[in-house]
Amino acid sequence: MDTSLLREILPVKGQVLEHFGETDWSFFSRQPRAVLFPHSQEEITSVLSLANENNWNCMPAGNGTWLEGCMNTDREVNLIVSMSKMNNILVHEPDNLFVELEAGVTLEQLQVTLRPSKQWLPLDPPGKNSSTMGAIIATSSCGALQTGFGRPRDHVLGATLITGDGKTLKLGGKTVKNVAGFDLLKLLSGSWGRFGVITKLIMRLHPLPEADRTLLFSSNQAHSGTSLAHDIMHTPATLQSISILSPGLREELDSENTGVAVRILESEAAVDQVEALILERTDLLPCKRLNGSESEAFFESLKNTDTDSDVVIRIKCLPSIMKNLIHQIEALQSLVADDSLGGLQFLAHYESGILLVLIDKLKLDDDWLAQSAETLKEFRDTVEQQGGSLTLLFAPEALLKEVTPWGSLDELETLCAGLEKVFDPNQILSRSSAHRSAE
Ligand SMILES: Cc1cc2nc3c(=O)[nH]c(=O)nc-3n(C[C@H](O)[C@H](O)[C@H](O)COP(=O)(O)OP(=O)(O)OC[C@H]3O[C@@H](n4cnc5c(N)ncnc54)[C@H](O)[C@@H]3O)c2cc1C
């Protein structure tokens, strides 16, 4: 691969990175040939044109903290196109509640900029604060706040996408109702960079709440975690998070019982009223009440719960079957190493129907791969039979390959492959060689 051609397109020192540490920009045991840091949309278009001519496989990225997430491992990546140097906040109109930014802006950078205007973007994706906005939309990553505020796609008003074959598409606009006909914008959320590089975003903003309060409940014989969450969900007020935590997941809660954390983000006047409504509903006192920065810190640490896990599974299901599924997680206990400190844990965002299952340390005996794969596939069947779906978000490379991140998508697979071909005819952005050969 002749990188001198790339240096002609990206002439500034540091824009083409070829020699880096073993773990930098690597996914599993592999590294790309080069990481590129374009400074403009024109440079991205030129890079993609060159990649098309030479059949180089490219992966769009932000800061590279989650390159292994949901990765179909049979893909060879020649180039990573990182948006991290395109990190300007372009327009912020507080009166019109929107911000326009380059996709390499981090969520943290954005929140700091918005704070003086008493506004924020209510998203709390798992992982590091250096997550870029382009990646959050591309991976549709979100946490506990999705209960009250929705998923990343609910906050995007507009986006600019450079497709695999170098076309620039401007999708959506600055107002909420801005799409006539088919809303292509929604396709970007969870697209994992398969349709192109997201270069700009227009995001809808919210007023920063005056009060932040978290109520922590501990389950008991009369109230299981899910029945507590169920009662709280029916409180006649908007709650921003209702999360169920397995025993021992957080030290603020006792280690024997399942915990429930409810977050109220409101005006000073309303926060006590909402709490009173919740307590009336549950007929149970919280074991702890966290206010202001303590409440924020609790949820900040909760979003990093999975950072050291060997395996992270995301289950989507109706809240009404969550109780069943939480019991059935026990089937995965055989995968856990005997000396694992964290064991098998879960974190559920009840109202959103999201159940995260975390395996701290895998048992790696002789037959571990075949056994773990079989157990996970059986568990995926169990979830699907109840109308849910199971995504293997993170796992060792060999296990991901056996189980696959999403399982069989059947007809959807064909549809997605067709869409990929429209946006990226030469499949230079394809996330797996399986897709490349699905002619
Ligand atoms: C330890 C850890 C745990 C995490 N756990 C979860 C989890 O459980 N669930 C979850 O959903 N997320 C999880 N994430 C992901 C996280 O929430 C963010 O999505 C991610 O960290 C984004 O940061 P980044 O800029 O480094 O993305 P990168 O790692 O640079 O990119 C991630 C992927 O996003 C796509 N992408 C990035 N930028 C663009 C762009 N501009 N255009 C098109 N595609 C793009 C690419 O497909 C790329 O492979 C985790 C992250 C970390 C570090």
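**The ligand shell and its setting**

Mentor: By residue class, the shell around the ligand holds 17 nonpolar, 13 polar and two charged residues. Here Ala, Val, Leu, Ile, Met, Phe, Trp, Tyr, Cys and Pro count as nonpolar, Asp, Glu, Lys and Arg as charged, and the others, Gly among them, as polar. This is a predicted model: local features need pLDDT of at least 70, side-chain atom pairs count only at pLDDT 80 or more, and totals for chains, interfaces and linings use all residues. Numbering starts from 1 along each chain as its sequence is written.

Of the 32 residues around the ligand, the nearest are Gly-62, Gly-127, Gly-134, Ala-135 and Gly-193. A residue is near if its C-beta atom, placed from the backbone, lies within 6 Å of the molecule. Two or more shell residues come from each of β3 (58-61), α4 (133-139) and β10 (196-204). α4 gives the most, with five residues. Elements are DSSP runs numbered from the N terminus: helices are H or I with at least four residues, strands E with at least two.

Where does the ligand lie relative to domain 1 and domain 2? It lies between them, because domain 1 (4-84) and domain 2 (89-207) both give residues to its shell. The domain assignment, automatic or from a database, also gives domain 3 (211-302) and domain 4 (311-403).

The centres of domain 2 and domain 3, taken over C-alpha atoms, are 29 Å apart. Six residues of domain 2 are in contact with nine of domain 3. Contact means C-beta atoms, placed from the backbone, within 7 Å. The side of domain 2 that touches domain 3 has three nonpolar residues, two polar and one charged.

Lys-288 sits in strand β15 (residues 288-291). Lys-288 counts as partly exposed because it has 15 C-beta neighbours inside 10 Å. With 20 or more other C-beta atoms within 10 Å of its own a residue is buried, with 12 or fewer exposed, and in between partly exposed; C-beta atoms are placed from the backbone. Beyond its neighbours within four places in sequence, Lys-288 is in contact with Leu-216 and Glu-252. Leu-253 is 35 residues from Lys-288 in sequence, yet 8.3 Å away in space, C-alpha to C-alpha.

Helix α10 (residues 319-328) buries Met-322, Leu-325 and Ile-326. They are on the same side of α10, because they cover an arc of only 100 degrees around the axis, taken from the directions from the helix axis to the C-beta atoms. The exposed residues Ser-320 and His-327 are on the face turned away from that buried side. The cover over the buried residues includes α7 (225-233), β16 (311-316) and α11 (368-385).

Trp-25, not a glycine, has a positive phi of about 55 degrees. Its loop lies between β1 (16-17) and β2 (34-36). Gln-427, not a glycine either, also has a positive phi of about 55 degrees. Its loop runs between α13 (411-423) and α14 (433-436). Gln-427 counts as buried because it has 23 C-beta neighbours inside 10 Å.

Last, the whole chain. It has 14 helices and 19 strands. Its C-alpha trace spans about 70 × 60 × 40 Å along the principal axes. Buried residues make up 43% of its 439 residues.

Methods
Contact = placed C-beta atoms within 7 Å.
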